[in-house]
Amino acid sequence: MDRPTRSPPRPSPATTAERGPTAPVAQAAGAVLLALSRAARSFVLYDPGNALVRQFLADYQAKMRAALDQYGELAIEVRPIDMLVQGEVVYHDADREKSLSFRLFRDGLRRLTILPHATWEEQLKLLEILAVRYSGVRQQEDDTVTLLRRVGFRGIAVVAVEGFTPAEETPEPALDERVGRTGRFRPPVGWDTPLRKLPAPGPLAFREVADESLAPLRAEDGEGAVAELVLSLARDLVQEAMRAGWPRSDLVAFFAELRDALLADGELGSLRRLVDLLGEVGGGELREEMLRGLGDARTLDLVLAAVPEDAARLPPDLLPFLPLLGIDAALEQLAGNPGEGRRRLLTQIVLARLPREADAVLRRLPALDARLARDLGRGIVARAPERTNEVVRQFLAQADEELRLEGLAALESAPGEVPLQPLCELLRDTSEPVRARAAEVLGRRGDESVLDALRGALEGSREISPGEAEKLGRALAEVAPIAAARLFAGWLEPKARFLRGLSPQQRAQQWAAVAGTGALPGTDPEPILSALAERSEDELRRHCLATLARRRKAPRGPASHE
Amino acid sequence: MAPPPTNDLSLAQLSLGRAIGRARAGEDRELAQKVREGGEALAHVMAGLLKMSKVHAPDNRAFDAPVDQLARALDELVNLLGTVHLVAVEDQVYVNEVRIRAEGKGGARDLGAELARHNAGGLSFHAGLDRTAVRALVAGFAQKPAEVAPRRALQQVLLERGVRSVELAPRFRFQTQGEDQPMRRDPVEALLRTLGLVEETYDNLAAGRILNPLPLRRAVVEILEIGPEVPELWENLGGGAPHATHAASVALVALLVGKAAGLRPAALQDLGLAALIHDVGYACLPSDVAAGPEGLVRHPPEGARIMLRQRGFSESKLRRLRAVLDHHRDHMEPRGRPSALGQVLRLAEDYATLLRVHASSISPSDALGSMARAAGSAYHPALTQVMVNVLGRYPPGTLLELEDGRYARSVSPVRGPDTFAAPLVRIYDLKTRALSRERHDLAVEGAVHRALPG
């Protein structure tokens with residue numbers, strides 16, 4: 001996300017040694033460790049797709065490359081609160097909750113040597129392990145040392161011990177009697193039998209085994225193998241559960257984990273296969289539970305993390321799952337003003353839940369920024385037109401002018417009756433475009449009941465622009481032509497005309513009357529406007545002629561608007 | 001799913017983001033939270049009780065509430081974890097590897113000092129304690145420490161007072177660099193630790209608890225670092241309970257074969273871990289079902305079911321589950337071939353079981369020879385040859401009659417193609433069944449006349 005909720009992982013005063021290292025190699029190592037620590041923490045603090053994370057990553061890459069190019073090898077000694085290179089402290093943080101060195105030390109790491117030939121992939125793997133440990137997860141399965149050992153680094157060497165050891169300064173003999181432990185396991189009689197009948201022994205000889213005969217076995221833990229493993233396990237476990245009558249609860253959590261893992265890996269195609277497979281092998285209820293879980297906030301995070309923030313479009317494999325993702329969580333994230341990419345993705349997730357989840361969106365609309373509210377409001381209007389009035393009501397109450405205009409646009413095309421009272425109130429809005437648009441919509445969707453409101457707008461003390469007056473005049477002609485014609489006649493011949501000249505209000509009324517007359521049905525308006533044009537001067541004359549021209553041009557009579 | 005990233009950094013960002021996502025998906029937050037909270041309560045109340053015991057008599061009513069709290073906190077943790085290890089290391093406190101936040105809280109931080117009065121560094125609770133037992137425990141700590149071997153003396157007091165499920169651990173400190181080498185390289189110690197862990201794990205799983213793979217993984221890592229081919233490991237396999245010894249045997253053979261087959265370190269760790277717990281399914285089968293053919297068929301899926309109790313996703317867990325499900329499946333299984341780890345496990349399991357069940361009637365050589373002839377149907381042919389190549393003509397444990405008329409027992413796997421039929425041995429006295437202290441290298445001197453059962 002563009003705006004992190006937490007402060008960036010800058011080194012606190014505690015994270016750098018009070019007096020920096022003096023040896024150049026130590027200085028370089030210190031810079032690498034700082035960059036490593038920052039990058040690892042950045043993955044915990046921010047959305048992994050964030051541009052800031054990439055910046056930290058680039059810094060780590062550059063510092064590491066520079067240090068290895070120049071000094072060849074970085075041998076780092078790990079102590080509880082600091083790390084040393086060539087005897088100099090290059091990293092120091094006494095805060096054990098945050099300290100990189102304490103995390104490594106606690107897990108048993110004592111020396112970390114980055115060799116000159118350490119590849120970028122290995123450097124990244126090191127960062128990944130630290131980032132995973134920084135996030136405080138995987139405590140049951142692995143620690144830093146087992147994770148480092150799993151990788152089988154060639155360019156990074158580690159020296160590790162078991163984290164803590166008996167301090168046997170005063171060793172004591174153990175008691176003969178063993179302390180009791182409840183629930184001891186005893187294997188059953190005849191376990192692992194009967195053995196299959198094997199042939200008589202054959203001779204044993206050493207034979208080279210061709211590498212290609214073992215390669216497929218090794219490939220089972222390669223890239224992309226997890227998805228296949230997931231599917232095979234899912235099939236076997238569901239079948240076994242049905243055969244042996246395991247309660248469904250034995251498998252529910254496991255399948256949720258599989259779902260989340262596939263999401264985290266971006267393996268959406270495999271997730272679809274898993275969903276299908278569950279249906280095929282009779283795990284329909286499990287499938288439903290698994291899909292329901294897609295609505296969790298945590299699951300949504302996984303989806304977001306799997307899509308690069310700057311992705312131009314949604315991955316096609318994600319589309320089938322969009323309607324299942326959590327709308328509340330998505331709205332929550334949208335309310336936090338995410339970056340453009342995230343916003344696009346989240347908006348699509350929300351729109352995919354319409355019209356079913358229109359209530360959830362409507363509840364949130366007032367809290368969203370104007371552009372987002374507009375997009376989602378349009379979504380509701382398009383996918384749940386019967387809820388248009390609710391969108392309109394919310395938009396019309398917004399302080400943002402654009403949203404009020406959006407509400408008016410929605411109202412104009414809304415099916416069924418429209419609420420006229422709020423529209424009439426908008427004739428007193430502070431924004432002229434809103435007032436003008438309200439008049440326009442009233443003309444199209446209103447009836448005689450709004451005549452007084454329209455008239456009142458023109459007879460009030462507020463100054464009205466010619467454009468707004470035109471809209472009001474036409475609206476009057478549309479909702480109540482007969483009454484409007486009478487009004488217009490009065491406004492076109494004001495009594496005070498030759499005495500003091502026209503007031504601004506009279507000018508506006510006259511302007512409205514010309515436009516309104518042009519919109520009246522029948523043949524009378526044209527001679528009225530022609531005569532008025534002949535006896536008027538300048539602007540009013542031009543207004544009359546333009547109105548006449550427009551009226552003559554209009555294909556379906558006077559009521560069409562431009 | 002995502003459009004291909006445009007450069008190295010984008011790719012790295014994507015891959016790291018996914019790794020974090022996977023790790024988060026794999027976290028059992030609920031369990032971690034419960035252990036952390038329960039552990040904090042246990043550590044704080046324990047420290048508080050030990051302090052109080054210095055100013056109040058054990059029957060003082062002031063103890064009632066904290067004694068209740070401790071009993072409750074302990075019960076919850078025992079239900080979750082099985083054996084609860086409460087350990088103070090310098091100023092840190094851990095409950096089963098989970099660090100307890102002691103900063104800013106007086107109680108837990110002082111626990112180490114309270115325990116140290118009796119030269120203890122931790123307490124292992126193998127079961128919950130009732131109120132009487134908690135009081136007895138506290139009263140024991142309240143006593144003046146014995147001048148000689150105070151921890152042992154206190155342990156004796158606790159046993160006398162009926163507190164049999166609490167074990168006092170020695171004081172701990174963080175290891176520093178360099179001092180680890182002698183301890184880490186002792187294969188016998190590593191093997192004994194592994195056997196103990198396997199027993200504890202089976203006990204916990206049999207009691208319905210959740211698998212805690214980390215200590216087992218550490219044990220496997222240690223064996224891999226030592227090297228599964230090291231003779232001391234093979235010579236000391238008999239030191240545990242039958243199921244633990246069997247599990248360790250299967251693990252050693254499996255690691256040896258897996259390593260020779262070129263499996264990656266991560267797969268080897270997972271293989272070793274699966275081998276240590278592969279038979280745990282027997283723990284939840286009724287005894288009449290477990291014994292005999294039905295037990296043989298049902299324990300792999302039941303084992304997988306037990307392992308499913310462990311929450312949180314990891315690829316390791318999947319591989320473990322797959323291997324345990326597959327460990328009795330034939331290579332030519334009509335439903336589809338077993339996984340690679342399952343096939344290695346199958347070989348190791350059958351080999352160890354053959355020797356366990358027919359120890360007196362079949363030699364390891366013949367067991368391996370029989371299995372080799374079933375390669376292609378029951379077993380993966382290439383893996384079977386790998387197993388033959390690493391165990392040799394006279395696998396560890398084979399009783400040999402040497403050409404000079406002496407007897408010996410093979411104690412090493414194959415060290416290289418030229419030692420395929422020339423293992424390290426210890427001379428064996430048939431009458432006393434004693435083995436020589438020295439090992440002899442048959443590649444250097446002596447020759448085998450024949451292999452014998454037994």
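Which side chains meet in a salt bridge at 2.5 Å, N to O? I looked this up in a predicted model, in which local features need pLDDT of at least 70, side-chain atom pairs count only at pLDDT 80 or more, and totals for chains, interfaces and linings use all residues. Residues are numbered from 1 along each chain as its sequence is written, chains are lettered from A, and side-chain values use heavy atoms, with hydrogens and water left out.

**Entry: domains.** I noted that chain A is assigned domain 1 (13-171), domain 2 (230-292), domain 3 (356-412) and domain 4 (419-562); such bounds come from an automatic or database domain assignment. I then turned to domains 3 and 4 of chain A, whose centres, taken over C-alpha atoms, lie 30 Å apart.

**Entry: the interface.** I found nine residues of domain 3 of chain A in contact (heavy atoms within 4.5 Å) with 14 residues of domain 4 of chain A. The two domains bury about 1,000 Å² between them, 65% of it on carbon and sulfur atoms; this is the accessible area (1.4 Å probe) that two parts lose on being put together, summed over both.

**Entry: salt bridges.** I recorded three salt bridges between domain 3 and domain 4 of chain A, each a side-chain nitrogen of Lys or Arg within 4 Å of a carboxyl oxygen of Asp or Glu. The opening question is answered by Glu412(A) and Arg444(A).

**Entry: elements.** On the side of domain 3 of chain A that touches domain 4, helices H16 (388-396) and H17 (401-412) of chain A each give two or more residues; helices are DSSP runs (H or I) of at least four residues. I saw that H17(A) provides the largest share, seven residues.
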